[in-house]
Each structure stands twice: as structure tokens, then as C-alpha cells.
Amino acid sequence: MVDNIGDLAFFATMKGTLIRLHAAVFLWGFTGVLGRAISLNEGWLVWWRMLITVISLWVLFYSLKKINRIPLKDFLKIAAIGTVLSIHWLFFYGSIKYANVSIALTCLSTTGLLSAVIEPLFFRRKINPYELALGIFALGGIALIYITNLSYSVGIFIGLLSAVFTVLVSVMNKKLITGYTAESITLYQLTGGFLGLTVLLPLYNFLFPATRMVPHQWDWLWLVILSWCCTIFTFMLYIKALRNISAFTLNLTLTLEPVYGIILAFLLYHENKTLSSSFFIGFGLILAAVFLQMLRLVKQHRRLPVNPL
């Protein structure tokens, strides 16, 4: 009886954890939809998003007494990663503006395969031939989408750069010094990213002049939702989920982010009507490559000591 009660409690905890994790991934997928709704160009969109997020985080963490001072040297390291993150967002929303949400998220779905090539270069490991083959397979999907949607070619190129930069953020975070809480790293990373973007923005605005620099009417609401719900709230869900699941389950679930986002784009903006049939074939090739990679990880995971999640 005790064992049954224990099992029920365990599964109830896991159910709640997975619901929180999928909610976070769904909200991350929603960021693309909001990016299209906001009328600002990608530079000012990201700047305002980070400004609202950083101010809100400082107020929230101060009230919760979770602000911990860190040495300047460590802050500069964390801030550098935050700046790379802001550039990733810049390219991601740029891809949406120059193409659409579906194209941007399709390019983003290649991150897992790109990391299989980029991470070994950073950590000086051999590139796995199987993962390299899957990367080439996914690249074929991108090529098919590109040649049959030439009107979105700029957006596709920018979207792939966005995918490269998010992989760089992941790699740099793995090499980041330990000893700080996730809250501290997030706070200083976003703060540093905001400061770095603020320095870069005048040059960006000179190269790509914006018609408006201040949010207009509904933009304020979308930016607040983007900052509070899709950044801060998802972070809280993400942190709570991490306490009860393995990194394997997390990475497997994160592959659903582009799928959620593309479904939302189809439902809200009917983007499926403006895309060629080859888009779906190309996206299918990318999903097949991601699926095969996940299948390989599942087999590796089964060889490890038993861990339910």
C-alpha cells in the first residue's frame, strides 16, 4: 500500500513537471507569433523586450532577495554570452520580418543538428559521422525550402544565422564557470545582453534605419506578454521542471518548440497558404533528421543506469 501511494505521488509529481515543461516550450514557440505582431523592426523589438525583461527581473529578484553580487570578471563573461543571445534574438526576429514565422522556426529547428557539428569543434572532440550525415540530410531540407521559396531567401539566411548563434550560446554556457544559481546567471546574462545590444544598436540602426523606435499602441501589450509570459514566466517553469527531470528529457522536449510555433503561425496567420508544397517536404526532411538523432539518443540513454525521466 505504501509503495502504491509512493508511486502515485511520484507519477503525480512527474505529470506536473512535464506539464510545466511543455507549457514553457509552448510559450517559447509563441514568441515567433508575437514577433510578427509587433510592428517595430527586429533591432528595437529585441531592445525593448530585453529592457522590459531586465527591469522586471531586477525588481522581482530584489523583492525575493535573490540578487547575489558577482566579481566583475565573471560578470563580463556572463554578459558576453548575453550579448551573443541578444544577437541570436536579433537574427531570429529579423528572419520573421524578412520571411515569416514558419521559415524562422524551421531554420531554428536545425540547432540540434548544428550543435552536433559545432560543439565538437569547441570541445576538441571528433565529429560523429552519423551526426554529420544527419546534418547534411537536414541541410538538404533547407536547400529545398530555399530554392522553392526564393522570395524568403534573405529570411532563410538570417534564420540559419540565428540557429548558429543559439548553438554558440549553448556551447558558451557549458563552458561557463560554475558556482552561481540559475537565477543569478539569467539575471546577469540578460542584463549584459541588454547592455551589449545597447552599444551595438546605433550601428545596427545606421545600417538598417527604423521608421519607428518606440512601441505603438498594441506593441506595448505584445512586448509585455513577450517579456513577462514568454521570458520570465517560462524561465520559472523551466527551472522548476529541471529539478525533477533529466537533461535528456529536457533536450527531447525542446525539439517541439519549432513545431508548436509553426502550428500557431498556421492557425493565427494562415502561413500554410503562402508556402509552397516543397516547404513541407523540406521541413519533413529536417524533422526526420531530428527524429533520427533523437532515436539515437534514446538508444544511448537506455544503456545508462535507470532514470525514469
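A salt bridge here means a side-chain nitrogen of Lys or Arg within 4 Å of a carboxyl oxygen of Asp or Glu. Glu 183 counts as buried because its relative accessibility is 14%, while Lys 66, at 34%, counts as partly exposed. For those words, buried is under 20% relative accessible area, exposed is over 50%, and partly exposed is in between, using a 1.4 Å probe and protein chains only.

Before going further, a word on what you're looking at. This is a predicted model, in which local features need pLDDT of at least 70 and side-chain atom pairs count only at pLDDT 80 or more, while totals for chains, interfaces and linings use all residues. Residues are numbered from 1 along each chain as its sequence is written, and side-chain values use heavy atoms, with hydrogens and water left out.

Now step back to the whole chain. Its secondary structure comes to twelve helices and zero strands. Helices (H or I, at least four residues) and strands (E, at least two) are DSSP runs, numbered from the N terminus. Of the 309 residues, 48% count as buried. Take the contacts with a separation of 6 or more: 89% of these join residues 24 or more positions apart. Contact, by the way, means heavy atoms within 4.5 Å. The accessible surface of the chain is about 16100 Å², and carbon and sulfur atoms make up 70% of that. These areas come from the Shrake-Rupley method with a 1.4 Å probe, and for residues only the protein chains shown count as cover.

Back to salt bridges: the structure holds four of them. Another one joins Glu 271 and Arg 36, whose closest N and O atoms are 2.7 Å apart. Glu 271 sits in the loop between α11 (257-269) and α12 (277-302) and Arg 36 in helix α1 (residues 2-37), so this pair ties together parts that are 235 residues apart in sequence. Glu 271 is buried, because its relative accessibility is 1%; Arg 36 has 37%, so it counts as partly exposed.

Glu 271 has a further partner. Its side chain is joined to that of Ser 102 by a polar contact of 2.6 Å. Polar contact means a pair of N or O atoms within 3.5 Å; within protein, one must be able to donate a hydrogen and the other to accept it, and residues adjacent in sequence count only if both atoms are side-chain atoms. Ser 102 belongs to helix α4 (residues 101-108), and it is buried because its relative accessible area is 0%. Setting aside neighbours within four places in sequence, Ser 102 is in contact with Ile 262, Ala 265, Phe 266, Glu 271, Leu 275 and Phe 279.

Stay in the loop between α11 and α12 and you'll also find Ser 276. The side chain of Ser 276 makes a polar contact of 3.2 Å with the side chain of Asn 149. In sequence, Ser 276 and Asn 149 are 127 residues apart, yet their C-alpha atoms are 7.0 Å apart in space.

What about Ser 86? This residue lies in helix α3 (residues 72-98).

Finally, look for empty space. Rolling a probe the size of a water molecule over the atoms shows where empty space is left. The second largest pocket holds about 220 Å³ of it. A pocket is an open set of points on a 1 Å grid over the protein atoms alone, where a 1.4 Å probe fits, with protein on both sides within 12 Å along at least five of seven lines; lining residues have an atom within 4 Å of a point. Which helix gives the most to the lining of the second largest pocket? That is α6, with six residues. Helices α5 (111-123), α6 (129-148) and α7 (153-174) each supply at least two, and the lining includes Thr 110, Leu 113, Gly 135 and Val 164.

Terms used
Grid points are joined across faces, edges and corners, and a volume is the space filled by probe spheres set on the points.
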